[in-house]
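Have a look at this one with me. The notes below pick out a few local details of backbone and surface.

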Amino acid sequence: MKINCNISPEFIKYIDELILLSTERQNLTFNGGKREINLEIEVKDDKVICRGEYLKKEYTHIEEKAELKLMLKRGIFQVLSKIIGRPLSPWGILTGVRPTKVIQGFIDDGLTIEEIKRELQNNYLVSPEKIEIMFKIREEQKNLLGKLQNSFNIYIGIPFCPSRCSYCSFTSYTTNRSKNLVEPYLQGLLEEINFYGNFIKERDINIRTIYIGGGTPSILSPEQIQILLERIAKKFPLDKVIEYTFEGGRPDTLTEEKLKIIKDFGVNRLSINPQTMNNSTLEIIGRTHTKEQFIRVFYKAKELGFNWINTDLIIGLTDEGFNQWRNTLEEVIALNPENITVHSLALKRAAIQKEKSPLTFKEAKEIMDFTYSIMGENGYNPYYLYRQKAMAGNQENVGFTKSGFISPYNVVSIEEIGNVLALGSGGISKVVKEGEIIRFSNPKDPNQYLEKVKKSLFNVEIV
Ligand code: SF4
């Protein structure tokens with residue numbers, strides 16, 4: 001039996017050393033425990049093609065197949081690590097978006113904490129540092145997990161931005177090109193809120209969190225924000241909501257007038273995202289604000305009574321190394337926001353920026369180690385984590401929080417323990433049912449979304 005497995009080019013893009021080996025062909029035999037597998041690895045252009053041959057012919061069971069797949073992955077990982085002279089990734093062969101979620105799977109299988117740690121290290125080849133972080137996050141989340149199980153949460157997307165950031169791969173539309181679409185889009189969204197508002201009231205559903213994200217929701221005018229939040233207050237029962245987030249995103253779109261409206265409607269968590277505190281980088285990456293603007297808006301929000309603020313930052317932006325990152329982190333920590341979310345740059349095909357992060361694997365690791373350490377010293381603990389393809393240094397995105405300020409919405413969406421109803425174009429709703437997750441989505445394109453709204457083609461799978 002032949003097994004072919006392709007490692008995607010994205011997975012190995014950052015490994016320059018491998019591309020140098022592009023003409024070589026390596027034939028290796030990997031001894032996977034009691035069975036033997038022949039592994040053939042071909043490195044061609046920027047692709048690595050691995051072929052594995054399982055020598056035991058009578059392989060039939062599904063468990064054996066899963067075990068074989070795991071052995072093959074381990075074999076490939078070890079071989080590639082040997083070729084480049086270091087572990088391919090600190091996350092071993094855990095390549096999924098939600099590494100922390102696997103812990104629950106092992107607990108459900110009856111494994112003890114020590115057994116889980118051993119499993120992660122020996123069978124999934126995860127580094128001890130990352131295993132420690134996974135358990136720290138688990139510890140931080142533990143009081144919330146039970147409360148959020150099967151909870152009902154709402155996401156509302158506004159897919160417009162003042163300009164396109166060079167690294168962005170989200171579906172977002174700049175207002176200078178799609179200005180005329182904003183008002184019809186809002187009207188469509190109000191219709192969808194009406195529909196699901198009735199749906200929720202009829203079933204007496206308690207909403208636990210609401211997250212207005214984007215894009216940049218604060219791109220809406222003060223009147224539009226007022227109309228949106230008024231409709232949410234009218235149609236959704238807010239009495240059991242523990243988190244109501246409004247993603248300001250770009251500091252240049254948040255005026256005092258808008259902040260007051262957002263506060264008046266009971267939003268209790270605000271996100272204001274500088275990404276970096278270096279003005280020259282902000283200009284290069286196409287963000288139309290400065291760090292001074294961010295600081296002004298941050299203090300204004302505090303003055304108006306927002307006492308739960310998140311700031312998003314990115315590691316590995318153009319021209320930024322360790323010193324620039326340390327400067328950003330120290331300046332943001334000095335402001336003492338309740339949440340700081342650290343992203344490792346992950347460039348996808350839709351991004352304008354084509355050149356990858358300037359960070360080497362080693363630098364990205366140093367930066368991440370420094371981040372965990374300085375965050376800990378300043379009272380911030382990691383509370384959720386997720387990964388994407390092609391991240392700088394194969395690291396991760398991590399949400400840090402001061403004690404008592406965990407965002408339940410982020411925990412629900414990453415650990416997939418509750419239902420999320422996603423409104424607006426591109427919204428992907430999730431229904432958690434008896435351990436299974438059912439997804440349904442709205443069209444990504446705002447015009448197609450409006451067509452759907454016009455015909456009242458709403459999804460009603462949430463039963
Ligand atoms: S603000 Fe966010 S969604 Fe908008 S262009 Fe920048 S990265 Fe993309």
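Asn336 is partly exposed, with a relative accessible area of 40% (buried means under 20%, exposed over 50%, partly exposed in between, with a 1.4 Å probe and protein chains only). This is a predicted model, where local features need pLDDT of at least 70, side-chain atom pairs count only at pLDDT 80 or more, and totals for chains, interfaces and linings use all residues. Residues are numbered from 1 along each chain as its sequence is written, and side-chain values use heavy atoms, with hydrogens and water left out.

Back to the backbone. Most residues other than glycine have a negative phi, and most peptide bonds are trans. Asn336, though not a glycine, has a positive phi near 60°, and Gln275 also goes positive, at about 70°. Between Gly214 and Gly215 the peptide bond is cis, with omega near 15°.

Here is how some side chains sit in terms of cover:

| Residue | Relative accessible area | Class |
|---|---|---|
| Cys161 | 9% | buried |
| Cys165 | 8% | buried |
| Gln275 | 8% | buried |
| Lys389 | 53% | exposed |

What about disulfides (pairs of cysteine sulfur atoms within 2.5 Å): how many does the structure hold? The count is 0.

Notes
Disulfide = S-S within 2.5 Å.
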